[in-house]
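Here are some notes to read alongside the model, in numbered points. Keep the viewer open and click along as you go.

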Amino acid sequence: MARWAMAACHETAYLMKRLASALPRTLRALGGEGESRLLPEARLSGPMPWVIAIMIALTVVAAASALALRHAAQAASADLEGGVTVQIVSAAPAQRQRQADAALAVLRHAPGVISATAVPQDQLDALVEPWLGTRAGDDLDDLPIPALIDVRLAGTATPARLDLLRKALAATAPAARIDAQSSWLAPVFRAIGALQWAAGGLIALFAFATVSAVLLASRNALGTHRETIEIVHMLGATDVQIARVFQRSMATDAAMGGVVGLLAGVVTVLGLARQFAALGSGMVAQGSLAWTDWVALAGIPIAGVLLVMLTARLTVLAALRRMV
Amino acid sequence: MNQAAAEIVQFDNVGLRYGAGREVLADVSFTLYPGCFYFLTGASGAGKTSLLKLLYLAQRPSRGLIRMFGTDAITLPRERLPGFRRRIGVVFQDFRLVPHLSAWDNVALPLRVAGQSEKDIAKPVSDMLEWVGLGDRFQARPATLSGGEQQRVAIARAVIARPDILVADEPTGNVDPEMAIKLLRLFESLNRLGTTVVVATHDLHLIRKVPDSLIMRLDKGKLADPTGALRYPPRRPVDTGGNGDGPMGDGGLP
C-alpha cells in the first residue's frame with residue numbers, strides 16, 4: 001500500500017478513537033449515565049462503525065450522483081423545452097435563402113414565438129467543420145448545407161404547437177423541417193432518469209444492508225450479554241431501559257461511522273466533481289450541487305443514526321419479550 | 001385484622017415442573033406476612049431454589065395460584081413485572097454478580113435501575129459496602145473477589161434498595177461463621193424495618209440464631225409446616241432447640 005494511504009488509514013483510525021472517547025461522554029451527558037453502565041462498553045471492538053462508515057460513504061456518493069444528475073437534466077430540459085429548430089433543406093442556394101427569409105418573417109410573427117434567429121453561415125461552417133475540415137481549397141459554399149433557424153417558444157414545444165408552425169410555413173417554405181430540440185436529447189433524459197432510479201435503488205439497498213448488519217449485531221450483543229440482561233431484569237429493569245442501553249451503544253457506533261463515512265463520501269464527491277468539471281461539457285457543468293444538496297447529504301449520517309437506533313431498539317425489545 | 005390485605009405472598013396449590021419432567025413442587029400452599037422472618041429448609045433437591053424462583057418472579061408455576069402484594073402474580077402483565085421485582089431483593093445462590101462491573105457498581109445497580117440519581121446513590125452504596133466489610137474493594141471486579149466477598153456484594157446488592165421482601169438462597173454458604181452471623185443480623189435489621197425475609201438454608205445453627213423466625217420445610221417438592229408458620233397467626237415461634245443468643249455485633253443497618 002502506498003505510504004500516503006497507510007497514513008490516511010492511521011489518521012482515520014485515530015479520528016475514530018477520538019470520537020469513540022468523546023461521543024459516549026456527550027451521550028452520557030444527555031441522560032442515563034447510570035443506565036449506560038448496565039452493559040459493558042465494547043465500542044470499536046467490532047466491525048459495526050466501519051460497516052456504517054462504508055454504508056454512509058456509499059450512500060452519500062449515490063445520493064450526490066442522483067442529485068447532480070437531476071440538476072443536469074433539469075437545466076438541460078429548461079434550456080431545451082421551448083427550443084425549436086427549423087431546417088430549410090434545399091439543394092439550390094438561392095431557393096434555400098429565399099425560403100429561409102420567408103420562414104423567418106412568418107416565424108417572427110407567429111403566435112407564441114419569442115424569437116426566431118437564422119443561424120449565421122460562419123456558425124454553420126463551424127458545425128460541419130469537425131467532419132469536413134477547413135483545409136485550404138475546401139469550398140463549403142458548394143455543399144448543400146440546410147439553412148437553420150433557431151426558434152424560442154414561450155412554454156414547451158409540444159407536438160401540437162410544432163404542427164401549427166408546420167402549417168404556417170407550408171405555403172412560404174415548403175422545404176422546412178421542424179423539430180423540437182428536446183427530442184434530440186430524449187434518449188439522454190431517459191438514460192439520466194434510469195440512472196436516478198438506479199441511485200435510489202442503491203440507497204435503498206444500502207439502508208437494507210445497514211438494517212441487516214445492525215440486526216445481526218444487536219442479536220449478537222444480546223447473546224453475549226444474556227446473563228447480565230437476566231440479572232438486571234431480576235433487579236427490576238424494564239425492557240425499555242435495557243433496549244435504551246443497546247440503542248445508545250449502537251447509536252454511538254453509528255455516529256462515529258457516520259462522521260467518517262460522510263467525510264469519505266464528500267471527499268469522493270468533490271474528487272468526482274473536479275474530474276467532471278474538467279470535461280468542460282455544458283451539460284456536466286450544470287450538474288453541480290446546490291447548498292441545499294450539501295445540507296441533504298449532511299443529513300444522511302443523521303438519518304443513518306436514527307435508522308440504526310430504531311433497528312436496535314425494535315430488535316432488542318422483540319428479543320426481550322421472549323425472556324421471562 | 002384484614003388478613004387478605006395484610007398478606008404479602010400467598011401460594012395456593014402451586015405446582016412447578018420444568019418441561020415434561022416430574023413436578024419439582026407439588027400442591028405448595030402457604031402465606032407470608034409482612035415483617036415476618038422465614039427460613040426455608042430441606043434436603044438438596046427438595047425444591048428450595050425452585051420455590052424461591054417462584055417467589056422472586058423468575059419462573060411462572062405450572063399450576064396453582066400466586067398472589068403477591070395483593071395482586072395475581074401469574075396473570076401479571078409483563079410491563080408490571082419490573083415494578084414488582086423492585087420490591088423484591090434477591091440473593092442468588094450463585095451470586096449472579098455482573099462480571100464487568102465493579103463491586104461498587106454491582107451494589108449500585110438496583111438503585112440505578114430504579115432511576116435514582118448518581119448523587120443520591122453514592123453514599124448509601126459506599127456505606128453498605130463498608131458495612132459488609134468490603135470498604136477497600138470498591139473497584140474490584142467479581143472475578144478478583146473471593147467466594148465470600150462475592151456473596152457479601154450479592155447481599156449488599158439485594159438489600160440496598162430496602163425491598164419489601166428479601167429472598168436469599170443459601171446466603172451464608174461461603175462466609176466464615178462470624179460474617180454469617182453479621183449478615184444474619186443485617187437481615188434481622190431489615191426485618192425489623194418491615195421487610196419480610198425468606199432465607200433458604202441448610203444451616204440449623206443459623207436458624208437457631210433467629211428465635212422469632214418461622215420455618216418452612218420442603219421435602220421432595222411438598223411443603224411441611226413444622227412451626228405453624230404457614231398459618232396466620234403462627235401458632236408458636238420456631239422451636240429449633242436454641243435460644244437465639246450470640247454476640248453478633250452490630251446488627252444495625254448502615
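1. Helices (H or I, at least four residues) and strands (E, at least two) are DSSP runs, numbered from the N terminus. With that in hand, 2 bridges join strand β4 (residues 63–68) of chain B to β5(B), and the two run antiparallel. Look for B:Met68, which stands opposite B:Thr71 in β5(B).

2. Housekeeping: this is a predicted model, where local features need pLDDT of at least 70, side-chain atom pairs count only at pLDDT 80 or more, and totals for chains, interfaces and linings use all residues. Residues are numbered from 1 along each chain as its sequence is written, while chains are lettered from A and ligands numbered from 1 in the order in which they are written.

3. Back to that sheet. In chain B, 4 strands make up an open sheet with the order β2-β1-β4-β5, and the pairing is antiparallel. Its edge strands, β2 and β5 (71–72) of chain B, each pair on one side only. Chain B as a whole has 8 helices and 10 strands.

4. Most residues other than glycine have a negative phi. B:Asn13, in strand β1 (residues 9–17) of chain B, instead has a positive phi near 50°. B:Asp27, in strand β2 (residues 23–32) of chain B, also has a positive phi, of about 50°. For burial, the count is of other C-beta atoms (placed from the backbone) within 10 Å of a residue's own: 20 or more is buried, 12 or fewer exposed, and in between partly exposed. B:Asn13 counts as exposed because it has 12 such neighbours, whereas B:Asp27 is partly exposed because it has 15.

5. How much of chain B is buried? Of its 254 residues, 46% count as buried. Helix α4 (residues 103–113) of chain B is worth a look here: 11 of its 11 residues are buried, so the helix is largely enclosed by the rest of the structure. Those buried residues include B:Trp104, B:Asp105 and B:Arg112. The cover over them includes α7 and α8 (239–277) of chain A, together with α5 (118–131) and α6 (147–159) of chain B. Just after α4(B), B:Gly115 takes a positive phi of about 85°.

6. Now the interface. Taking contact to be C-beta atoms, placed from the backbone, within 7 Å, 15 residues of chain A are in contact with 18 residues of chain B. On the chain A side, helix α7 (residues 226–234) gives the most, with 4 residues. That side divides into 7 nonpolar, 5 polar and 3 charged residues; here Ala, Val, Leu, Ile, Met, Phe, Trp, Tyr, Cys and Pro count as nonpolar, Asp, Glu, Lys and Arg as charged, and the others, Gly among them, as polar.

7. Which residues have the most contacts inside the largest nonpolar core? A core here is a set of buried Ala, Val, Leu, Ile, Met, Phe, Trp, Tyr and Cys residues joined through C-beta atoms within 7 Å. The largest has 128 residues, and those with the most contacts inside it are A:Val60, B:Tyr38, B:Val107 and B:Val167. Helix α2 (residues 48–80) of chain A supplies the largest share of this core, 19 residues. Apart from it lies another core of 18 residues, including A:Ala100 and A:Leu165.

8. Stay with α2 of chain A for its packing. α2(A) and helix α10 (residues 291–321) of chain A pack at an angle of about 145°, with axes 10 Å apart; axes are lines fitted to C-alpha atoms, for helices over the stretch in contact, and angles run from 0 to 180 degrees between N-to-C directions. Among the residues that meet are A:Ile56, A:Val60 and A:Ala63 from α2(A), and A:Leu297, A:Ile300 and A:Gly304 from α10(A). The contact divides into 10 nonpolar, 2 polar and 1 charged residues.

9. Last stop, strand β3 (residues 147–153) of chain A. Its covered face holds A:Ala147, A:Ile149, A:Val151 and A:Leu153, and its uncovered face A:Leu148, A:Asp150 and A:Arg152. Strand β1 (residues 83–88) of chain A pairs with β3(A) in the antiparallel sense over 6 bridges, and A:Val84 has A:Val151 as its bridge partner. Strand β2 (residues 113–118) of chain A pairs with β3(A), again antiparallel, over 5 bridges; there A:Ala118 is partnered with A:Ile149.

Methods
Two strands pair if DSSP finds at least two bridges between them. Two residues are in contact if their C-beta atoms, placed from the backbone, lie within 7 Å.
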